[in-house]
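The entries follow the order in which I looked things up.

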Amino acid sequence: MSRRPAPAEQPDSGTATVVGDRVLTLPNLISFVRLVGVPIFLYLFLVVRADVAAIAVLAVGGTSDWVDGWIARRLGQVSRLGELLDPLADRLYILATLLAFTAREVVPWQFTGALLARELLLLVSLGVLRRYGYGPPPVHYVGKTATFLLLAAFPILLLADAVPDAGSAAGAIGWGLAWWGLVLYWVAGAMYVVQASRLVRAMRARRTEAPA
């Protein structure tokens with residue numbers, strides 16, 4: 001059975017996005033640079049303890065979250081590789097930052113556990129979809145919003161931890177963004193699970209109705 005992407009549950013805008021096979025595109029280059037930023041951040045934060053530089057890397061990685069997708073649509077350079085690289089970069093930034101922050105006690109382990117549990121839920125759903133011949137579903141705007149909030153929260157939380165004078169205000173802003181991001185992250189996860197269950201039920205129904 002051929003692998004097919006799960007359709008997105010988004011309103012129809014009346015225009016179709018053409019997905020190409022190009023590899024060397026500007027959006028893909030931006031996504032690759034964001035991926036390279038993950039080990040750089042971990043090195044700066046955990047090895048040399050250069051918190052200011054780590055904040056800068058996080059800030060660039062977070063604020064550029066939407067840039068690659070916007071450029072891809074603007075220039076007509078949406079590609080299958082880009083559809084994989086963009087969410088991969090987002091997840092690696094979130095997971096790497098969470099684990100590093102937990103190791104240095106910037107965030108409590110309960111917060112990290114809540115986000116990791118959501119990732120585990122999504123991983124199981126993707127495994128079920130793959131079993132029925134479907135690829136990963138397109139990223140939903142709720143998930144992108146949650147990712148943006150989390151990636152915006154992390155450098156602010158690190159700033160609050162690294163600069164005591166800014167701790168009170170930065171901490172309030174950072175945790176406000178982080179908790180909203182966590183809630184929306186789970187909302188997006190639930191939407192993906194519902195979408196996956198509908199696809200699986202539809203596939204089972206077609207198999208049942210198919211002649212022997």
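The entries below take the salt bridges and then the nonpolar cores of this predicted model.

**Entry 1: salt bridges overall.** I searched the whole structure for salt bridges and found 5. I kept in mind that side chains of opposite charge can pair when their charged atoms come close.

**Entry 2: R34 and D90.** I looked up R34 and found its side chain in a salt bridge with that of D90, at 3.0 Å from N to O. R34 belongs to helix α1 (residues 26-47) and D90 to helix α4 (residues 80-103), so this pair ties together parts that are 56 residues apart in sequence. I then checked burial, and both R34 and D90 are buried. I also noted that R34 and D90 are linked with K144 in a network of salt bridges.

**Entry 3: R104 and D51.** I next recorded a salt bridge between the side chains of R104 and D51, with an N to O distance of 2.9 Å. Because R104 lies in the loop between α4 and α5 (109-131), while D51 lies in helix α2 (residues 51-63), the pair ties together parts that are 53 residues apart in sequence. Is D51 buried or exposed? I found D51 to be buried, its relative accessible area being 14%.

**Entry 4: R118 and E119.** The side chains of R118 and E119 also meet in a salt bridge, at 3.2 Å from N to O. I looked up the accessibility of each partner. R118 counts as buried at 2% relative accessibility. E119 is likewise buried, with a relative accessible area of 13%. Both values fall under the 20% cut-off for burial.

**Entry 5: the largest nonpolar core.** I turned to the nonpolar residues and found that the largest core has 28 of them. Those with the most contacts inside this core are F41, F45, I94, F101, L115, F154 and L158. Which helices supply at least two residues each? I listed α1, α2, α4, α5, α6 (141-162) and α7 (167-209). The largest share comes from α6, which supplies 7 residues.

**Entry 6: F101.** I examined the contacts of F101, setting aside its neighbours within four places in sequence. F101 is in contact with the phenylalanines F41, F45 and F154, and with L58, V106, V107, L157 and L158.

**Entry 7: another core.** I finally noted another core, of 7 residues, lying apart from the largest one. Among its members are Y134, A196, L199 and V200.

Methods
Residues numbered from 1 in each chain as written. Predicted model: local features only at pLDDT ≥ 70, side-chain atom pairs only at ≥ 80, totals over all residues. Heavy atoms only, no water. Salt bridge = Lys/Arg side-chain N within 4 Å of Asp/Glu carboxyl O. Helix = DSSP H or I, 4+ residues; strand = E, 2+ residues; numbered from the N terminus. Buried < 20%, exposed > 50% of the residue type's maximum accessible area, 1.4 Å probe, protein only. Core = buried A, V, L, I, M, F, W, Y, C linked by side-chain atoms within 4.5 Å. Contact = heavy atoms within 4.5 Å.
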